[in-house]
Amino acid sequence: MMAHEVPTSSTMAVPHGPAGVGAARRRLRSDLGDRSVDETVIDDAVLILSELLSNSCRYARPLGRLADLKDDVPGGYPAPVLVGSGGEDGEPEGVTVRWQLPGDGSLTLEVTDGGASTRPLPARPSLTARGGRGLTIVGRLATDWGVRDTPGQVTVWAELPLHPGRPGHGARSA
């Protein structure tokens, strides 16, 4: 790839914890900005990614040792982020994050982790509940979202249009 080309996808390994959420948000915002994606779409994408990663950190197991994931992912994780939940050997563990612009006017976001005892589903929290709204927010902002299972892995993905105002693009008003 030449220096002036901007990739249409990116995969990174991040720590399974709050530091990973922040690192992924910054990288996604930077990458999409480099692609001249509309700022409102970037804001929605960052919020969706935050929700997917936060759910992964709260409910799912890590995918594996961060160092091993980094070796398998081009670009790895941003260098300053080597903190996160440690495995039995004390090594940080992680998950993978992927975004892609497939060329059809959409943006796809994916978070892959080691899975949990339950499948990700939107909750119906009470008005006073402190959490449980993340996947409902994702469902409002994304045109579609879902869960893909492979042995030892679960990927939660969301797709949103690259152009604000297109049908199905969140709950934004004109």
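This is a predicted model: local features need pLDDT of at least 70, side-chain atom pairs count only at pLDDT 80 or more; totals for chains, interfaces and linings use all residues.

The largest nonpolar core comprises 31 residues, and Ile-48, Leu-53 and Leu-107 have the most contacts inside it. Two or more residues come from each of strand 1 (9-15), helix 1 (18-34), helix 2 (39-59), strand 3 (93-100), strand 4 (106-113), helix 4 (134-141) and strand 6 (153-161). Helix 2 gives the most to this core, contributing eight residues.

**Surroundings of Leu-53**
- Beyond its neighbours within four places in sequence, Leu-53 is in contact with Val-14, Gly-20, Val-21, Ala-24, Val-95, Val-97 and Val-111.

**Packing of helix 1 and helix 2**
- Two packed helices are described by the angle between their axes and the distance between the axes.
- The axes of helix 1 and helix 2 cross at roughly 155° and come within 9 Å.
- Helix 1 is therefore roughly antiparallel to helix 2, an angle over 145 degrees being the criterion.
- The crossing of helix 1 past helix 2 is right-handed.
- On the helix 1 side, the residues making the contact include Gly-20, Val-21, Ala-24 and Leu-28; on the helix 2 side, they include Ile-42, Val-46, Leu-49 and Leu-53.

**Overall organisation**
- The chain has four helices and six strands, arranged along the sequence as β-α-α-β-α-β-β-α-β-β.
- Of the 174 residues in the chain, 40% are buried.
- Among contacts with a separation of 6 or more, 69% join residues 24 or more positions apart.
- The chain exposes about 9600 Å², of which carbon and sulfur atoms supply 51%.

Terms used:
Residues are numbered from 1 along each chain as its sequence is written. Side-chain values use heavy atoms; hydrogens and water are left out. Buried means under 20% relative accessible area, exposed over 50%, partly exposed in between (1.4 Å probe, protein chains only). Contact means heavy atoms within 4.5 Å. Accessible areas come from the Shrake-Rupley method with a 1.4 Å probe; for residues, only the protein chains shown count as cover. A nonpolar core is a set of buried Ala, Val, Leu, Ile, Met, Phe, Trp, Tyr and Cys residues joined through side-chain atoms within 4.5 Å. Axes are lines fitted to C-alpha atoms, for helices over the stretch in contact, and angles run from 0 to 180 degrees between N-to-C directions. Angles under 35 degrees count as roughly parallel, over 145 as roughly antiparallel, 65 to 115 as roughly perpendicular and the rest as oblique. A crossing is left-handed if the near helix is turned anticlockwise from the far one by less than a right angle, and right-handed if clockwise.
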